[in-house]
Amino acid sequence: MFDDINDLYQQVILDHCKKPRNFHEMPQCSCSAQGFNPLCGDNLKLFLTLDGEIIKDASFVGSGCCISKASASLLTENVIGKSKSEASRMFERVRDLVTTGKTTGDVGKLAVFAGVYKYPARVKCAILSWHALMGAIKGEVAPVSTENEQT
Ligand code: ZN
């Protein structure tokens, strides 16, 4: 799919797609949000456990394409231990990265999505879980759809 991304990035995406991290329900979560990408059929639910401003734990369930699952898996790994405002800044960086291929700050392992901007149909797959994250942080109850958002 990604001919011109280097193999390492592709391997990380495939690894997280096949063996998603933090892939389970979280019955005692502080907040959760559903994300739906009708263009691809990705449907994910994200769970957060908060301690004040700090995201103590994050997990997700659902089904979707490889990009959406790998993105959600990397998201959960990335935001655990971060504050809500740090997670919001990370969302903005990841959104810049997947829409332009460039970012203003450190995105950690999410750098594997640097080539997604060349495939406009996959951008919403990559950003879906991040919209769900923002929905959960803001306490939105309605499902988050990529079709209601400015990616
Ligand atoms: Zn998808």
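Colleague: Is Thr146 buried or exposed?

Modeller: This is a predicted model, where local features need pLDDT of at least 70, side-chain atom pairs count only at pLDDT 80 or more, and totals for chains, interfaces and linings use all residues. Residues are numbered from 1 along each chain as its sequence is written, and side-chain values use heavy atoms, with hydrogens and water left out. Buried means under 20% relative accessible area, exposed over 50%, and partly exposed in between (1.4 Å probe, protein chains only). Thr146 has a relative accessible area of 1%, so Thr146 is buried.

Colleague: Which side chain makes a polar contact with the side chain of Thr146?

Modeller: A polar contact is a pair of N or O atoms within 3.5 Å; within protein, one must be able to donate a hydrogen and the other to accept it, and residues adjacent in sequence count only if both atoms are side-chain atoms. Thr146 sits in the segment after strand 4 (144-145). At 3.1 Å, the partner of its side chain is that of Asn37.

Colleague: How are the rings of Phe23 and Phe60 paired?

Modeller: Rings of Phe, Tyr and Trp (its six-membered ring) pair if their centres lie within 6.5 Å; planes under 30 degrees apart count as stacked, over 60 as edge-to-face and the rest as tilted. Here the centres are 5.0 Å apart and the planes stand at 70 degrees, so the pair is edge-to-face.

Colleague: Which parts of the chain does that pair link?

Modeller: Helices (H or I, at least four residues) and strands (E, at least two) are DSSP runs, numbered from the N terminus. Phe23 is partly exposed, at 37% relative accessible area, whereas Phe60 is buried, at 1%. The two lie 37 residues apart, Phe23 in the loop between helix 1 (7-18) and strand 1 (31-37), and Phe60 in strand 3.

Colleague: Which residues are the protein donors of the zinc ion?

Modeller: Donors are N, O and S atoms within 2.8 Å of the metal (3.2 Å for Na, K and Ca); water is not among the atoms, so sites may look incomplete. Along the chain the donors follow the spacing C-x1-D-x22-C-x59-C. At 2.1 to 2.6 Å from the zinc ion, they belong to Cys40, Asp42, Cys65 and Cys125.

Colleague: In what order do the elements of the chain run?

Modeller: The chain has four helices and four strands. From the N terminus on, the order is α-β-β-β-α-α-α-β.
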